[in-house]
Amino acid sequence: MNSIEEKLWSYIDGSCTAEEQQAIAMLIAQDEAYMRKYHELLKLNEEFTSMELDEPSMAFTYNVLETIRTQHAQQPLKAAINKRIILGIAIFFIVTIASLVMFALSSVNWHTADTSIKIPKQLDITHVTSFFTGPVIRGFLFFDVVMGLFLLDTYLRRKSVLKHE
Amino acid sequence: MQSKLSDIELIEQTLGGNQSAYADLVKRHQRFVFTLAMRFAKGREDAEEIAQDCFIKAYRSLASFQRQSKFSTWLYSIVYTTAMTFLRKKRVDTTSIDGEDVFIQIENKPSAYDENNVESKSRSYYLNQAIGQLLPDDATIITMFYKGEQSLEEIAQVLGIEANTVKVKLFRARQRLKEKLERNLKHEVKELI
């Protein structure tokens with residue numbers, strides 16, 4: 001440490017070692033110049049501590065949260081989708097494909113006279129087609145139309161919000 | 001009324017989707033963040049823009065806050081980076097006749113004037129005026145040390161420098177502030193005579 005001031009500031013801040021602290025305390029007690037400077041810096045330190053903080057405008061918090069809300073609403077759909085939904089869709093497709101494969105394998109007639117690899121003689125999937133009856137297909141198409149209209153409505157709403165801004 | 005929950009508890013609630021918890025966090029830190037921004041911008045409008053930008057950035061990266069340091073330290077490092085970017089954008093010319101006086105605080109005056117507390121108000125006025133005349137780095141270190149409840153190590157983390165360097169910078173900043181205070185007061189006394 002160099003100057004008296006530097007030593008005294010370290011002493012006031014408590015940023016020096018215990019030995020240094022003790023040595024400076026002794027200097028303050030014994031040396032008039034140190035004592036005078038110490039009291040001067042102590043007063044200055046108190047003044048710095050009583051420094052006032054500036055106050056932002058009354059609407060500051062509201063403005064911050066409003067900006068966050070607006071930015072959140074403008075987030076692209078790709079980023080806004082919950083990852084759990086994606087995971088759910090993935091699980092649904094994996095389970096569907098796996099059960100379809102298992103069903104297909106269990107329906108295969110493996111009993112052939114020949115030992116060489118051949119295409120299965122009979123693949124019994126006739127009763128699967130019974131699921132795709134008229135009402136099911138119509139229901140599926142109706143759901144698609146509703147979903148399409150919903151997406152179109154969301155897209156137009158977002159476009160209108162952007163236009164107003 | 002501000003929440004009595006800790007910063008970490010408020011962060012947990014914010015991450016859980018409770019936006020009013022973040023409002024409490026903003027209310028708790030807004031005065032200090034705004035004051036720090038004022039050290040760089042000087043004008044209230046620019047400072048408010050910087051401060052708002054900081055809270056929005058903090059909200060966006062709240063999930064990446066590691067909790068190894070205090071939230072305030074993490075937030076102040078965002079303020080420092082944002083304010084430095086602002087300064088670079090504005091291309092503030094820091095050269096003047098005596099090198100530092102370009103940072104004269106115009107709008108940072110005490111808001112209320114209490115006749116019963118004239119002495120303390122005028123002291124605070126002169127202190128604010130002197131801080132406004134310091135370079136942003138000096139003013140930031142002094143503000144963080146005295147009002148931000150930040151240790152030398154935490155200030156070092158915010159500024160991205162060594163703690164010892166902060167100690168030296170703080171010493172020099174205090175000296176410069178003391179000189180400015182003395183000069184301003186001397187000038188004032190001369191004007192009165």
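A crossing of two helices is left-handed if the near helix is turned anticlockwise from the far one by less than a right angle, and right-handed if clockwise. Helices (H or I, at least four residues) and strands (E, at least two) are DSSP runs, numbered from the N terminus. The model is predicted: local features need pLDDT of at least 70, side-chain atom pairs count only at pLDDT 80 or more, and totals for chains, interfaces and linings use all residues. Residues are numbered from 1 along each chain as its sequence is written, and chains are lettered from A and ligands numbered from 1 in the order in which they are written.

In chain B, the crossing of helix 2 and helix 6 is right-handed. Their axes come within 8 Å and cross at roughly 165°. Axes are lines fitted to C-alpha atoms, for helices over the stretch in contact, with angles from 0 to 180 degrees between N-to-C directions. Helix 2 of chain B is therefore roughly antiparallel to helix 6 of chain B. Angles under 35 degrees count as roughly parallel, over 145 as roughly antiparallel, 65 to 115 as roughly perpendicular and the rest as oblique. Helix 2 of chain B brings B:Thr35, B:Leu36, B:Arg39 and B:Phe40 to meet B:Pro136, B:Ala139, B:Thr140 and B:Thr143 of helix 6 of chain B. Contact requires C-beta atoms, placed from the backbone, within 7 Å. By class, four residues of this contact are nonpolar, three polar and one charged. Ala, Val, Leu, Ile, Met, Phe, Trp, Tyr, Cys and Pro count as nonpolar, Asp, Glu, Lys and Arg as charged, and the others, Gly among them, as polar.

Helix 3 of chain B has 17 residues. Its buried residues include B:Ile50, B:Cys54 and B:Phe55. Buried means 20 or more other C-beta atoms within 10 Å of a residue's own, with C-beta atoms placed from the backbone.

Chain A contains seven helices and zero strands. Of its 165 residues, 6% are buried. The axes of helix 1 (residues 4-13) and helix 3 (residues 32-49) of chain A come within 10 Å and cross at roughly 55°. Helix 1 of chain A is thus oblique to helix 3 of chain A. This crossing of helix 1 and helix 3 of chain A is right-handed. The residues of the contact divide into nine nonpolar, one polar and two charged.

Between the chains, the contact takes 31 residues from chain B and 21 residues from chain A. Helix 2 of chain B gives the most to the side of chain B that touches chain A, with ten residues. That side divides into 15 nonpolar, eight polar and eight charged residues.

Definitions and conventions:
Two residues are in contact if their C-beta atoms, placed from the backbone, lie within 7 Å. A residue is buried if 20 or more other C-beta atoms lie within 10 Å of its own, exposed if 12 or fewer, and partly exposed in between; C-beta atoms are placed from the backbone. The expected span of a helix is 1.5 Å times one less than its number of residues.
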